[in-house]
Amino acid sequence: MTSGTVFSIEEFAVHDGPGIRTAVFLKGCPLRCTWCHNPEGQKFGSELMVKKGEQSICGTEYTPEDLVAKLLRNEAIFKMNSGGVTFTGGEPLAQAGFLVRVLELLEGRIHTAIETSGFAPEETFREVLGHLDLVMMDVKLVDQERHRQWTGVSNALILRNLETLIGSGKHFIIRIPLIPGVNDDKANLEATAALLEGAQGLQRVEFLPYHKTAGAKYPMVGREYAPGFDTEVPPRLDVEQFEKRNIKTMIL
Ligand code: SF4
């Protein structure tokens with residue numbers, strides 16, 4: 001049986017898709033974005049966390065059946081307000097076997113969404129996509145070298161998966177964490193907007209401006225927060241590149 005590691009389950013979430021949702025945070029991510037505000041979601045498997053002097057284990061194993069039973073306790077609430085479940089992380093596609101089984105069990109019962117970096121083998125991405133109602137995918141940097149520099153991985157797979165997503169006809173939202181001096185320049189935003197121009201299933205682009213509280217949890221997992229950019233400078237908000245291509249935008 002494929003089990004999965006979850007580091008948080010947040011009920012009544014309102015920024016992770018339509019309606020009132022439960023957000024399930026899957027533990028483990030192959031990326032290392034220097035601005036990541038969930039460092040406890042990066043390492044695969046359980047780890048020790050120290051919060052206000054109290055030690056706890058971050059990461060709980062679930063079987064798909066146990067997780068689904070827990071999620072379906074709110075089924076009536078989801079149905080009442082067109083909500084559902086959103087799988088986030090960490091990178092949920094990094095536990096694809098577990099995720100697919102959970103999605104199979106939820107299919108036809110509640111609306112399902114994913115928040116993903118898009119970094120996964122193409123077959124994995126296609127398989128998971130087939131089970132979802134909505135995809136929220138990050139596009140952080142279009143330039144491959146800069147993507148590697150700031151996230152630790154190439155964006156080649158991500159851009160291929162974005163093409164698959166656009167071609168799938170599935171509803172999707174693109175999320176751009178706006179990081180000062182990293183990806184908030186006109187050239188990057190213009191290149192991102194050009195990739196999305198005319199995409200049928202695109203509902204909107206959501207911008208998530210960097211906030212310096214992003215580093216708060218690093219000491220809890222025994223790590224130093226060293227993002228490598230000036231955290232005092234507010235990011236540049238520039239929706240023009242998108243709006244001139246008739247792409248709806250939203251700032252979260
Ligand atoms: S992809 Fe998300 S979870 Fe992974 S390191 Fe980047 S910000 Fe953190």
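Let's start with strand S8, which is mostly covered, since four of its five residues are buried. Buried here says that 20 or more other C-beta atoms lie within 10 Å of a residue's own; with 12 or fewer a residue is exposed, in between it is partly exposed, and the C-beta atoms are placed from the backbone. The names S and H come from DSSP runs, numbered from the N terminus: strands are E runs of at least two residues, and helices are H or I runs of at least four.

Please keep in mind that this is a predicted model, where local features need pLDDT of at least 70, side-chain atom pairs count only at pLDDT 80 or more, and totals for chains, interfaces and linings use all residues. Residues are numbered from 1 along each chain as its sequence is written.

So who are the neighbours of S8? Two strands pair if DSSP finds at least two bridges between them. S7 and S8 pair in the parallel sense, over four bridges, and Ala 113 stands opposite Leu 134 in S8. To get from S7 to S8 the chain passes through H4, in a right-handed β-α-β crossover.

Now look towards strand S9, residues 171-178. S8, residues 134-138, runs parallel to S9, and five bridges join them. Leu 134 stands opposite His 171 in S9, and Asp 138 has Arg 175 as its bridge partner there. Which residue of S10 does Arg 175 stand opposite? That is Glu 206. S9 and S10 (residues 202-209) run parallel too, joined by seven bridges. Here the chain crosses from S9 to S10 through helix H7, residues 186-196, and this β-α-β crossover is right-handed.

Let's go back to helix H4, residues 122-129, where we find Arg 126. Arg 126 counts as partly exposed because it has 14 C-beta neighbours inside 10 Å. Between Arg 126 and Asp 138 there are 17 Å in space, C-alpha to C-alpha, and they are twelve residues apart in sequence. Leu 129 is in helix H4 as well. Is Leu 129 buried or partly exposed? It counts as partly exposed, because it has 18 C-beta neighbours inside 10 Å. Leu 129 touches Val 135, Leu 165, Ser 168 and Lys 170, leaving aside residues up to four places away in sequence; touching is a contact, with the C-beta atoms, placed from the backbone, within 7 Å. Leu 129 and Leu 165 are 36 residues apart in sequence, but 7.9 Å apart in space from C-alpha to C-alpha.

Next, helix H1, residues 64-71. Its buried residues are Pro 64, Leu 67 and Leu 71. They sit on the same side of H1, because they cover an arc of only 70° around the axis; the arc is that of the directions from the helix axis to the C-beta atoms. There is a general rule to remember here: an α-helix has 3.6 residues a turn, so residues three or four places apart point the same way. The buried residues of H1 pack against strands S2 (21-26), S5 (60-62) and S6 (84-89), and against helix H3 (96-106).

H3 has its own buried residues, among them Phe 98, Arg 101 and Leu 106. They pack against strand S1 (4-13), H1, S6, strand S7 (111-116) and H4. Just after H3, Gly 108 takes a positive phi of about 80°.

Gly 90 lies in the loop between S6 and H3, and the peptide bond from Gly 89 to Gly 90 is cis, with omega near 20°. Both glycines belong to the residues around the ligand, which also include Cys 29, Arg 32, Glu 91 and Ser 117.

One last stop: Lys 52 has a positive phi of about 45° although it is not a glycine. Lys 52 lies in the loop between strand S3 (47-51) and strand S4 (54-58), and it counts as exposed because it has 5 C-beta neighbours inside 10 Å.

Note on methods: Two residues are in contact if their C-beta atoms, placed from the backbone, lie within 7 Å. A residue is near a molecule or strand if its C-beta atom, placed from the backbone, lies within 6 Å of it. A crossover is right-handed if, with the strands pointing away from the viewer, the path from the first strand over the helix to the second runs clockwise.
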